[in-house]
Amino acid sequence: MHTVKHNYTTMPERLRCTGSIDSHEVHLSRAMIFAIEEINNSTELLPGIKLGYHIYDSCGSVPVAVNVAFQLSNGLDPVFYTGDNCSQSGMVMAVVGESGSTPSISMSRIIGLFNIPQVSHFSTCACLSNKQQYPTFFRTVPSDQFQADAMAKLVKHFGWTWIGAVRSDSDYGNNGMASFLDAAHREGICVEYSESFYRTNPHSRIQRVADVIRRSTAMVVVAFAAFEDVRLLLEELSLDPSPPRQWIGSESWVTNTEFLKFSFCAGAIGFGIQKSVIPGLRDFLLDLSPSKVAASPVLTEFWEDAFKCRLVKSAATDYERLCDGREDMKTLQSPYTDTSELRVTNMVYKAVYAIAHASRKAVCQETNSTTQCDTFTRMKSKEVLTQLKKVNFSQNGYDVSFDANGDPVARYELVNWQKSESGSIEIVTVGQYDESLAVGQKFRINRNLTWVDGGTQVPVSVCSDSCPPGTHKVLQKGKPICCFNCIPCPEGEISNATDSPECFTCPKEFWPNAERNTCLPKPVEFLSYNEVLGIILAAFSVGGSFLAIITAAVFYRHRTSPIVRANNSELSFLLLFSLTLCFLCSLTFIGAPSEWSCMLRHTAFGITFVLCMSCVLGKTIVVLMAFRATLPGSNVMKWFGPPQQRMTVVSLTFIQVLICTLWLGLSPPFPVKNLTIYKKRIILECALGSAVGFWAVLGYIGLLAVFCFVLAVLARKLPDNFNEAKLITFSMLIFCAVWITFIPAYLSSPGKYTVAVEIFAILASSFGLILCIFAPKCFIILFKPEKNTKKHLMNKIPS
């Protein structure tokens with residue numbers, strides 16, 4: 001088109017088309033004529049009625065398209081071939097077209113005011129589904145909204161999250177890309193760049209878009225553009241090829257065989273309109289005689305452009321050679337003669353038949369098996385519009401119907417540019433997309449794809465590599481959500497999925513493995529018989545009990561000897577029995593705590609130690625009373641004889657039994673899993689239940705020990721050659737020292753070492769008692785029998 005200045009004083013110059021004719025558009029117009037003639041030659045669809053037509057060339061220009069729309073609304077100005085004269089000429093019932101969305105938008109706004117239905121075969125802009133703005137618009141090609149959703153699902157299917165986007169700066173490109181970007185955002189896909197351009201832009205604009213593609217890091221480029229615009233971009237890229245890119249194309253260009261010459265686009269994939277077969281169409285297209293061509297200015301221009309010759313001598317063309325009549329359409333390699341796939345062509349074919357079926361419903365009536373059409377009724381475009389909304393038929397095996405928005409059911413073929421064995425690139429159908437199917441079944445791939453540079457591996461296009469399990473994503477500041485760093489999970493947390501947005505804490509009784517991708521049960525820790533510390537303590541415990549038994553055996557063997565009789569043999573045997581129990585009770589602290597072991601270990605320990613302290617206290621009192629009994633006139637021993645000694649031991653022990661009973665009855669110890677001391681393991685231990693009960697048991701033992709120690713100190717200098725009070729004093733010093741140091745050690749020891757400290761205190765104090773009190777006596781009995789006499793025992797120590 002050339003620019004025209006309007007002065008509003010003279011009639012404006014008529015709009016004219018410039019540039020070469022588009023052979024593909026001529027192909028589509030001839031397909032429409034074929035469909036009309038096929039209907040007219042049949043007596044089934046519209047018996048007695050012939051369809052007429054007028055064909056206008058809009059040149060792909062909005063001003064020309066608007067001019068055509070006004071002509072259709074006001075009067076007829078044929079510029080192409082007109083069929084037989086119609087008896088009711090001048091009435092436009094419907095319009096087939098336009099091929100582009102922007103011209104269709106302009107036309108629909110005008111003819112929609114007159115209720116003239118428009119059925120487009122290639123206007124895919126989603127905006128045209130708006131029935132408030134375009135109430136009379138229909139189309140046999142799916143809306144770009146469905147294609148955009150399908151393309152987003154395709155990108156997501158192959159794991160591409162970092163893409164580039166280019167589009168035509170038109171209604172088709174802008175609306176289509178907006179729908180795609182919205183769908184891509186829902187799928188978690190990020191866009192590195194989004195560039196727009198148009199065929200009329202300066203070359204520098206196309207060059208800038210090409211440079212953006214070359215510099216980008218995104219491997220995948222999604223091109224939602226008209227084929228004329230894509231041609232300019234690919235030609236620019238071919239001058240200085242960019243690094244390999246995986247192209248995703250919209251149906252407007254990805255099925256166009258003209259682009260297969262761009263070898264750097266090999267591996268491109270995209271959605272195309274379904275292929276089809278129209279019987280008889282190829283013969284019709286090739287049936288162009290010079291006489292038919294000469295009758296139409298457009299066909300004349302097409303013929304001359306195709307064969308590079310002048311059809312008429314006087315024609316003002318750029319070709320010097322005159323057509324000699326040997327030109328044969330069968331030898332012509334052109335989009336006009338290409339009937340290998342018939343994708344858009346079938347959309348034109350279905351559009352004509354949709355209008356024919358609507359006209360049938362408007363003027364014909366079906367009675368039984370016959371159809372009667374009223375050939376004298378003046379058909380109105382509004383009636384055709386009403387019936388067009390209801391059409392539902394099948395032609396050549398292809399269903400035709402419109403939804404409430406005037407759109408058909410969206411069905412696409414997934415196509416892939418693959419290199420053949422000969423090295424040429426060909427378009428191969430590799431899958432299907434059917435919007436009418438259930439979710440999860442709409443998209444399927446049924447054969448292998450070839451990728452960029454002929455590769456067989458799916459290319460990778462991500463901003464950041466996936467974060468493995470054990471890490472989580474941290475977004476990079478100022479970048480899209482697909483750009484992130486992988487940070488290891490903090491201590492105690494895991495992530496068990498790829499690209500986890502955050503880590504989560506393991507359950508209380510679990511801890512992460514070294515890789516921090518799974519939670520493992522924490523190891524359970526307690527003082528066991530299987531470990532060295534447990535074995536050593538158990539050995540000392542058993543050894544101590546055997547030592548007490550052996551000592552008792554020695555005493556029993558020499559029970560009539562003076563040293564045994566002089567030290568109150570009954571209390572000695574009772575003390576050795578209690579010490580044996582003290583040694584053995586430490587075994588209850590080893591092993592996994594249970595409900596019974598927790599109650600037994602503390603109460604057994606408390607009662608046996610009180611029994612032990614009661615015996616030691618009894619022996620200390622006996623020593624003091626024995627000394628007082630040797631004084632003249634003393635009658636003390638009758639007040640603390642054997643019955644009183646037994647009663648003292650029983651009474652003192654009963655108090656401890658009562659304390660333990662109250663403790664067990666009110667709040668007994670119980671097993672518990674300690675999860676707070678260590679993060680990575682569980683400590684099995686016995687909770688005290690009542691801390692008051694525990695410290696009351698220990699306090700009572702300590703009270704008896706202190707009382708016994710005081711009495712022993714008072715009796716330590718009594719003038720016996722073998723004074724047992726001295727031995728008791730030493731044993732009590734050891735006992736008190738052990739248990740005084742036990743308290744801070746018990747409170748500060750972690751885990752199983754708390755139990756080990758308590759066992760050590762029991763064993764140390766028990767060994768202190770048996771060694772200090774009984775070892776010297778056993779030594780005299782076994783190795784110094786000469787000192788085991790009454791005379792030696794009664795000798796006074798010199799002052």
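## The largest cavity

About 40 Å³ of space lies in the largest cavity. The model is predicted, and the structure holds 1 cavity of 30 Å³ or more.

The lining of the largest cavity is made by Phe526, Leu527, Phe589, Gly591, Pro593, Arg601, Ile683, Leu684, Glu685, Gly751, Lys752 and Val755. Two or more of these residues come from strand S24 (682-687) and likewise from helix H20 (752-783). Strand S24 gives the most, with 3 residues. Sorted by class, the lining has 7 nonpolar, 2 polar and 3 charged residues.

## Packing of helices H2 and H3

Two packed helices are described by the angle between their axes and the distance between the axes. For helix H2 (residues 62-74) and helix H3 (residues 101-111), the angle is about 30° and the axes are 9 Å apart. Angles under 35 degrees count as roughly parallel, and H2 and H3 are therefore roughly parallel to each other. Their crossing is right-handed.

## Residues in the helix contact

On the H2 side, the contact is made by Val62, Ala65, Val66, Ala69, Phe70, Leu72 and Ser73. Helix H3 contributes Thr102, Pro103, Ser106, Met107, Ile110 and Ile111.

Which classes of residue make up the contact of H2 with H3? There are 10 nonpolar and 3 polar residues, and no charged ones. The lining of the largest cavity, by contrast, has 3 charged residues.

Notes
Residues are numbered from 1 along each chain as its sequence is written. This is a predicted model: local features need pLDDT of at least 70, side-chain atom pairs count only at pLDDT 80 or more; totals for chains, interfaces and linings use all residues. Side-chain values use heavy atoms; hydrogens and water are left out. Axes are lines fitted to C-alpha atoms, for helices over the stretch in contact, and angles run from 0 to 180 degrees between N-to-C directions. Helices (H or I, at least four residues) and strands (E, at least two) are DSSP runs, numbered from the N terminus. Angles under 35 degrees count as roughly parallel, over 145 as roughly antiparallel, 65 to 115 as roughly perpendicular and the rest as oblique. A crossing is left-handed if the near helix is turned anticlockwise from the far one by less than a right angle, and right-handed if clockwise. Contact means heavy atoms within 4.5 Å. Ala, Val, Leu, Ile, Met, Phe, Trp, Tyr, Cys and Pro count as nonpolar, Asp, Glu, Lys and Arg as charged, and the others, Gly among them, as polar. On a 1 Å grid over the protein atoms alone, a cavity is a set of points where a 1.4 Å probe fits but cannot get out, and a pocket is an open set with protein on both sides within 12 Å along at least five of seven lines; lining residues have an atom within 4 Å of a point. Grid points are joined across faces, edges and corners, and a volume is the space filled by probe spheres set on the points.
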